[in-house]
Amino acid sequence: MGLADMGFLDNIRRVTPYVPGEQPKGKVIKLNTNECPYPPSPKVRAALQGMDIDLLRKYPDPDAFELTHAIAEYYGLKDSQVFVGVGSDDVLSQCFLAFFAGKRPILFPDITYSFYDVWAQVYDIPYFQIPLKDDFSLNAEAFLRENGGIVIANPNAPTGVAESLETLEEIIKGNTDSVVIVDEAYIDFGGETALPLLQKYENLIITRTMSKSRALAGLRVGYAFGNETLIKCLKDVKFSINSYTMNLPAIIMGKAAIEDDVYFREIRDRVVATRERSKEHLRDMGFSFQDSKANFIFAKRGAGQAEEVFRALRDKDIYVRYFNKPVLRDYLRISIGTDEEMDIFFRELKECL
Ligand code: PMP
């Protein structure tokens, strides 16, 4: 029987999934998924070691109160303005489900986090992609058209370009009939947060993650800020799918991570310093790039070289990210590692050119 004869296929949801960056085993230099090159806060380790294993017998708190409250306190918000999820991918996916339920197409840039169109497809949300300008900046005016919602990553991925608060405000203010999600996965490394706009605009949702600046990609903790009504809608959707998204270790360790502000600032500042140094190296080696405010640099050196360099580096156990897509295929996205890792990277890169 051929696939065409399988009538049940008509009833199956078939989608083209998002493809995450490789997670190679063994000792490699891994600059391909924007993880933090430094370990999590020592307080995270202590929190795990202090966890009462017997508690794993029971279901965790469905509201993850301890974690939600610690996050709310850190950002000066009410508990009812915070939502937590299994990484910001989970938070964003639930936002798509909760806030993009209309018939009109949602809007996002043509070059951005490549999970947005995947979620739109899996939830049957119509979407329209707004072209970025040639310098990869947002064309804010183009977002002032009929839509069922908007999602913008700031700083953007994979470009690293950050938009001003004025640009974001223009989009949020001009679209009060739809929810605007600002994905701030990389905001800790630069750029201006949209947090001050939260008091002014009821249609704003901001998403964050502990995966990058708090060195906890493996723990899977993300969160969102919004007004109480939007957060309630988000929780209603979550509680309609899975009450216990946040497991006990994630609640305990996530709380410890948000509370260690000194360590957070230390590793963030180190990554930012290495990024700035890496920009100089790349420039000296003939690469061009827009100014990155994230923990990666999206760089190009002439046309038609990137894939070859990506492969040559991988043969040397150095992983960067390559996107084989129009416009992007001339670029390499290089996550910022430790200074030592970047020194090896630049030494080997020179040999690949
Ligand atoms: N948003 C953007 C723009 C990202 O690049 C990523 C990382 N892939 C995420 C969200 C999701 O990160 P996480 O699920 O680890 O929080």
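Which element gives the largest share of the lining of the second largest pocket? That's H4, with three residues. Keep in mind that this is a predicted model.

**The largest pocket**
- There's about 790 Å³ of space in the largest pocket.
- Helix H3 (87-99), strand E3 (106-109) and helix H4 (116-122) are the elements that each put two or more residues into the lining of this pocket.
- H3 supplies the largest share of that lining, with four residues.
- In total, 42 residues line the largest pocket, and the ones nearest its centre are Tyr18, Tyr113, Ser114, Arg321 and Arg333.
- Sort the lining by class and you get 20 nonpolar, 12 polar and 10 charged residues.

**The second largest pocket**
- The second largest pocket holds about 420 Å³ of space.
- Its lining is made up of 19 residues, with Val19, Arg321, Tyr322, Phe323 and Lys325 lying nearest the centre.
- Nine of the lining residues are nonpolar, six are polar and four are charged.

**Where the domains come in**
- Domain 1 (22-40 + 262-352) and domain 2 (42-259) each give at least three residues to the lining of the largest pocket.
- For the second largest pocket, at least three lining residues likewise come from each of domain 1 and domain 2.

**One residue to look for**
- Arg321 is among the residues nearest the centre of the largest pocket, and Arg321 is also among those nearest the centre of the second largest pocket.

Note on methods:
Residues are numbered from 1 along each chain as its sequence is written. This is a predicted model: local features need pLDDT of at least 70, side-chain atom pairs count only at pLDDT 80 or more; totals for chains, interfaces and linings use all residues. Side-chain values use heavy atoms; hydrogens and water are left out. On a 1 Å grid over the protein atoms alone, a cavity is a set of points where a 1.4 Å probe fits but cannot get out, and a pocket is an open set with protein on both sides within 12 Å along at least five of seven lines; lining residues have an atom within 4 Å of a point. Grid points are joined across faces, edges and corners, and a volume is the space filled by probe spheres set on the points. Ala, Val, Leu, Ile, Met, Phe, Trp, Tyr, Cys and Pro count as nonpolar, Asp, Glu, Lys and Arg as charged, and the others, Gly among them, as polar. Domain bounds come from an automatic or database domain assignment.
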